[in-house]
Protein chains: 2
Amino acid sequence: MMLGINSEYGEEDLSEELEELFKALGNMNRLILIYNLASGEKEKFSVNEMAKMMGLTQPAASQHLKILKTVKILHAKKQGNYIYYTFNQNALLKHKDKIDFLFGCVFSKCNKSKK
Amino acid sequence: MMLGINSEYGEEDLSEELEELFKALGNMNRLILIYNLASGEKEKFSVNEMAKMMGLTQPAASQHLKILKTVKILHAKKQGNYIYYTFNQNALLKHKDKIDFLFGCVFSKCNKSKK
DNA sequence: ATGTTACATAACTATATACTTATATACTTA
DNA sequence: TAAGTATATAAGTATATAGTTATGTAACAT
């Protein structure tokens with residue numbers, strides 16, 4: 001099901017991108033991860049550290065990280081035995097634009113036939 | 001589970017508010033509703049019209065509308081036999097602020113101990 | 001009052017999500 | 001090479017979500 005609003009950023013429909021983005025953000029444990037990464041208290045965290053943050057097992061953390069990586073909120077960098085996840089700043093800027101566009105529509109009654 | 005970041009807007013923890021907001025937005029049928037309301041093509045829609053938009057039954061539409069009303073994306077106004085849902089502009093502005101705050105944290109490594 | 005319309009709520013079902021434990025894989029180190 | 005560590009993936013389970021049909025409720029019309 002689509003809205004007919006094309007994303008400026010790629011192939012996929014903007015509405016589907018927003019759906020996936022909001023789904024990824026709509027989970028407390030993933031928000032905790034994001035806040036901790038954003039806090040700047042530590043430069044980087046291992047997967048096991050993140051698991052402890054959330055009070056979950058390591059596989060659960062891996063699964064959350066996979067979701068955040070898939071929607072391009074994070075990206076992964078392997079360093080030796082460890083994998084460090086950091087923000088995908090470029091993609092996040094685009095995500096923010098999509099959200100701003102949505103709220104822009106809401107606040108200013110934008111026309112659906114925007115292309 | 002909380003992040004210790006207090007909302008400026010009320011009692012509840014900001015992170016929980018964001019979780020609920022993102023959950024509400026993370027569904028294609030609810031995004032369709034929002035886009036149609038935002039499009040300005042029609043001033044207002046009945047619940048049955050919204051059900052048709054989404055290709056769902058009327059009870060399903062009611063349930064989605066309830067979710068959007070609960071998180072204060074929409075509010076309801078009864079007019080005779082009909083109930084019209086419109087954007088809760090004030091609450092939506094606050095929601096946008098919360099999202100902007102989150103992304104602000106992400107982009108500028110804000111400190112968790114913001115109070 | 002009775003019937004009709006519009007919506008909400010209840011009860012149920014199917015699927016999706018978020019965990020768990022067990023296991024596989026990749027890298028490091030002795 | 002063998003053992004240990006870090007992470008990913010697989011398989012299974014419990015709960016949440018999103019839909020359905022059936023029923024309840026409020027307003028309108030006759």
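The structure is a predicted model, in which local features need pLDDT of at least 70, side-chain atom pairs count only at pLDDT 80 or more, and totals for chains, interfaces and linings use all residues. Residues are numbered from 1 along each chain as its sequence is written, while chains are lettered from A and ligands numbered from 1 in the order in which they are written.

DNA strand D is surrounded by 24 residues. A residue is near the strand if its C-beta atom, placed from the backbone, lies within 6 Å of it. The closest are A:Ser46, A:Pro59, A:Ser62, B:Pro59 and B:Gly80. Helix H3 (47-54), H4 and strand S2 (82-87) of chain A each supply at least two residues of this surface, and so does H4 of chain B. Helices (H or I, at least four residues) and strands (E, at least two) are DSSP runs, numbered from the N terminus. H4(A) gives the largest share, 6 residues. By type, the surface holds 9 nonpolar, 13 polar and 2 charged residues. Ala, Val, Leu, Ile, Met, Phe, Trp, Tyr, Cys and Pro count as nonpolar, Asp, Glu, Lys and Arg as charged, and the others, Gly among them, as polar.

Most residues other than glycine have a negative phi. A:Lys72 has a positive phi of about 65°. This residue sits in the loop between helix H4 (58-70) and strand S1 (74-79) of chain A. A:Lys72 is partly exposed, because 18 other C-beta atoms lie within 10 Å. The cut-offs are 20 or more for buried and 12 or fewer for exposed, with partly exposed in between; C-beta atoms are placed from the backbone. In chain B, phi of B:Lys72 is near 65°, also positive. B:Lys72 lies in the loop between helix H4 (58-70) and strand S1 (74-79) of chain B. B:Lys72 counts as partly exposed, with 18 C-beta neighbours inside 10 Å.
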